[in-house]
Amino acid sequence: MATFTGSDDLRGAEFSDVSLRGARFVRSSLSGVVMRGVEIDGADIDSPWLLEDDGSLYVNGVNVAPLIDAELNRRFPGRELRHAADPAGLRDAWDRLQEAWAATMQRVARMPPGTEDIPVDGEWTFAQTLRHLVMATDKWLRGAVLGIDKPYHPAGEPNAEYGTDGLDMSVFQKTKPSYDEVLEVRAGRVAMVRDFIAGTTAEQLQATHPAPDEPRFTVTTLDCLHVILHEEWEHHRFAVRDLDTIEAKALHAGEQDG
């Protein structure tokens, strides 16, 4: 099986009369890729940033990005509030988001013990997802907005590129925390965002701060909260997707045993 990594430059490559059946593209740029006369039945594309900043995806001449956005809003009520721009709207957006997370947390609690540590197709486990959201809150609220010098909780889970981007991985613990610890830290970060939004003003939302990891650029408080909301909704979607897969596999195994 051929494997291409960041050291391989395939920009401008042309594939003609070849089979890419079963190929997997992870953290790769396919922007501007043109496909003609291709078979894509069963293809599974996940592009979290596609629906931000007026992204587009054309299938048979139709921009399907707005259709995808509308369908995700239907599946996840409250998601449509992620671009709220005033304190009242942000409070509502955060409350609706956490209602969705609470239902998913209850779902995991009803599933067999250890479900929170089951990975699906190489993706993060449910526990790792919660840890990453701790890290995201630390980065965009504690670090960027509040200016805390050492914002990261050791139990946080950095994104895959964090280390390869030359950032300090030593701030995160190498040993896996217990699920109870993850839940405790996560609850604290959820409350932190809630309390911050509850006390903010329209003027404070427009305050500027050095961008995390790119201090030569600036971001507003509102920008940072929007990133947190985006991270929360996207990773909630991933978590629900993987829980569905775990339950489907368990059901299939039970049918096989029966």
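How many salt bridges does a search of the whole structure find? The count is 20, and this tour stops at several of them. Keep in mind as you click around that the model is predicted.

**Stop 1: Arg 82 and Glu 52**

Select Arg 82 and Glu 52 and show their side chains. They form a salt bridge, with 3.3 Å between the closest N and O atoms. Now trace the chain from one partner to the other: this pair links distant parts of the chain, 30 residues apart. Arg 82 sits in the loop between helix 1 and helix 2 (87–110), while Glu 52 belongs to the segment before strand 1 (58–59).

**Stop 2: helix 1**

Next, select residues 65–75, which make up helix 1. Colour Ala 65, Leu 72 and Asn 73, the buried residues here. Turn the view until you look down the axis of helix 1: its buried residues fall within an arc of 100°, so they line one face of the helix. Then pick Leu 67, Arg 74 and Arg 75, which are exposed on the other side of helix 1.

**Stop 3**

Move along to Arg 96 and Glu 99, whose side chains meet in a salt bridge at 4.0 Å, N to O. Both residues lie in helix 2, three residues apart, which is about one turn of the helix. An α-helix has 3.6 residues a turn, so residues three or four places apart point the same way.

**Stop 3: Asp 117 and Lys 176**

Select Asp 117 together with Lys 176. Here is another salt bridge, the closest N and O atoms being 3.4 Å apart. Which parts of the chain does this pair link? Asp 117 is in the loop between helix 2 and helix 3 (126–145), and Lys 176 is in the loop between helix 3 and helix 4 (179–199), 59 residues apart. Asp 117 has 33% relative accessibility and counts as partly exposed, whereas Lys 176, at 59%, counts as exposed.

For a group of charged side chains, select Asp 46, Glu 234, Arg 237, Arg 241 and Asp 242. Salt bridges that share partners join these residues into one network.

**Stop 4**

Show residues 208–211 (strand 3) and residues 214–220 (strand 4) as a cartoon. These strands pair in the antiparallel sense over four bridges.

**Stop 5: positive phi in two loops**

Most residues other than glycine have a negative phi, and most peptide bonds are trans. With that in mind, select Asn 60, which has a positive phi near 50°. Asn 60 is found in the loop between strand 1 and strand 2 (62–63), and at 81% relative accessibility it counts as exposed.

Finish at Asp 121, in the loop between helix 2 and helix 3. Asp 121 is not a glycine, yet its phi is positive, at about 55°. With a relative accessible area of 56%, Asp 121 is exposed.

Note on methods:
Residues are numbered from 1 along each chain as its sequence is written. This is a predicted model: local features need pLDDT of at least 70, side-chain atom pairs count only at pLDDT 80 or more; totals for chains, interfaces and linings use all residues. Side-chain values use heavy atoms; hydrogens and water are left out. Buried means under 20% relative accessible area, exposed over 50%, partly exposed in between (1.4 Å probe, protein chains only). The arc is that of the directions from the helix axis to the C-beta atoms. Two strands pair if DSSP finds at least two bridges between them.
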